[in-house]
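Thanks for coming. I will go through a few residues one at a time, so please have the structure open.

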Amino acid sequence: MEISGEHRFAAPRGVVYEALLDPKALQASMPGCEKFEEVGPSSYDLTIKVGISAIKGTYSGNVKVADPIENQSYRLVVAGSGKPGSVQGDAAMVLSDDGNGTLVKYTGEVKAQGAIARLGSRLLGGAAKLMIGQFFKGMEKQVEQRIP
């Protein structure tokens, strides 16, 4: 399943980039995130509790930051599993100046296995969009705290 979208921040690109890669800001912004700890350079183990439709459950997994270009872009490689199945994803994040703020565009692909995959792309896509929206709202608060 393909995912894509964009989000505007009312902050300079450097501030947004820094927040998007800060483990504490990420943990605070992810809905249901119970654990987010560094296990290696740019590699984090996480536990997240999700409560959307039949996707409910606790998932454990790993997030890796790949190909970072400071203040411009990076990729996130995600793998996780829980009782309802497993999810693997790869997403590119690209930051650009947008007037007085920053535009973050994301594109990626998510692969699901198990009961999650049987939900169908429409329900899974809706759940993904909801979680991404919640994440960016949480990240806005983290970014606002960093603006001088």
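This is a predicted model. I start with Met 131, which sits in helix 4, residues 121-144. Is Met 131 buried or exposed, or in between? Its relative accessible area is 24%, and buried would need a value under 20%, so Met 131 counts as partly exposed. Now look along the chain to Arg 146, 15 residues from Met 131. The C-alpha atoms of these two residues are 23 Å apart.

Next, the strands. Strand 2, residues 33-40, and strand 3 run antiparallel, and six bridges join them. Together, strand 2 and strand 3 make a hairpin, with two residues between them. In the turn, Ser 42 has a positive phi of about 60°.

Stay with strand 3, which covers residues 43-50 and includes Thr 47. Which residue stands opposite Thr 47? That is Lys 35. Lys 35 is also one of the residues that Thr 47 touches, once residues up to four places away in sequence are set aside. Thr 47 has a relative accessible area of 14%, so we call it buried.

Last, Ser 73, in strand 5, residues 73-82. With a relative accessible area of 17%, Ser 73 is buried. What does Ser 73 contact, leaving aside neighbours within four places in sequence? The residues are Tyr 17, Asp 67, Pro 68, Met 93 and Val 94.

Conventions
Residues are numbered from 1 along each chain as its sequence is written. This is a predicted model: local features need pLDDT of at least 70, side-chain atom pairs count only at pLDDT 80 or more; totals for chains, interfaces and linings use all residues. Side-chain values use heavy atoms; hydrogens and water are left out. Helices (H or I, at least four residues) and strands (E, at least two) are DSSP runs, numbered from the N terminus. Buried means under 20% relative accessible area, exposed over 50%, partly exposed in between (1.4 Å probe, protein chains only). Contact means heavy atoms within 4.5 Å. Two strands pair if DSSP finds at least two bridges between them.
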